[in-house]
Structure formats: structure tokens, C-alpha cells
Amino acid sequence: SIYFKWIKPKLLNKNCIQIKKSVHPVISHISEKEFVSNDVIFNDKSKLLIITGPNMGGKSTYMRQIALIIVLSHIGSYVPAQEAIIGNVDGIFTRIGSSDNLTLHQSTFMTEMLEISYILKHATTDSLILLDEVGRGTSVNDGISLAWSIALKLYRIGCYTLCATHYFELTRLSNTLIACKNLHA
């Protein structure tokens, strides 16, 4: 099992994240099927990663896996990867899942917008952002517009951003943004 092949990560004082042949530390251990390892590279040429793919294709697992490896690195743990070079990360911000808060009269859309607002106000060039299906709580056209604008704002901040989406239109961002890359699960 790849679960037992954990390595000591290298922590650097610069803006980069490079993780090779990594696996999710829990799912790779409990799954009866072989977990396919993954890579991620964040640097000056790769800051915004747009992830597309089918439902249950592994987009959310991939994003959580990267975040877990970074947290494990920062607490002094070994990590489930072939190589892990972790630069400056001052925080991890997530917008994952859909939920409402009826006691506060907040719809799913309102909850999502409040969480996104918090991220946009607090993210820095050293932050890791995980966005999973932003813009689902409204119409398709409004959702695409919101997801596009949010991704563009995070790109301008310069943070490390993983953005999983079914809005394939977002992949066009890579045509004009130098440090935007498309991934497919």
C-alpha cells in the first residue's frame, strides 16, 4: 500500500508548492481500490488551477488531499507523496459543499456569498484557496459570472487557488491568464 510511503517534506521560504505522486492520507489507506497518485505545482507560472471532470471523478478529493498534505507539512509530519516542496502558506480557505442556515434566514446562495466574501477579504499571496463548485446556488448564467469573477479576483490577489467546476466556460481563463492552468479529473 502506498499509505506507508510517507516522506519528509521540504519547507521553503518562497512562493511555491510542488507535490509529486501524492495520495489522500485517509482514502488511500481505507479504499479497497488502488488510489491513483497525483501531482500539483504552484509557482509564478501556475497560480490558478481550474479542475473539471465528472461527478465523483475525484476533484474534491484532489483538493482536500493537497490541503491535508500542506497541513501535515506545517505540523512537522511526514506526508504521503514521492516529493513535497512546500513554500509559504499563511492560511487555507475553503468554499466546499452546499448548505443553508435557516435559523439565520440564509439561503445556500447567501451562505456561499458570505464565505466567498470572507475569503476575498482575507486571502493573501501566500494563501491556499479551495473552491468547489462556486456559483451553484443561482441561475446558470449568474453562476458562471460569479465563478469567473471570483476566480479572476483570486488570480489578481496571487494566491494558490484550486477551483473545481462543472462550468467548463471557466477553462477559457487559461487563454488570457498566464498563470492559469486547466486540469481534468
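Me: Where is Ile30 placed?
Reply: Ile30 lies in helix α1, residues 27-30. Helices (H or I, at least four residues) and strands (E, at least two) are DSSP runs numbered from the N terminus. The model is predicted, so local features need pLDDT of at least 70 and side-chain atom pairs 80 or more, while totals for chains, interfaces and linings use all residues. Residues are numbered from 1 along each chain as its sequence is written, and side-chain values use heavy atoms, leaving out hydrogens and water.

Me: Does Ile30 count as buried or exposed?
Reply: Buried means under 20% relative accessible area, exposed over 50%, and partly exposed in between (1.4 Å probe, protein chains only). Ile30 counts as exposed because its relative accessibility is 61%.

Me: Which residues of α2 are buried?
Reply: Among them are Tyr62, Met63, Ile66, Ile69 and Ile70. An α-helix has 3.6 residues a turn, so residues three or four places apart point the same way.

Me: In what order do the five strands form the open sheet?
Reply: Strands of a sheet pair through backbone hydrogen bonds, either parallel or antiparallel. Here the order is β6-β7-β8-β4-β9, with parallel pairing; two strands pair if DSSP finds at least two bridges between them. β6 (91-95) and β9 (180-184) stand at the edges with a single partner strand each, so one side of each lacks a neighbour in the sheet.
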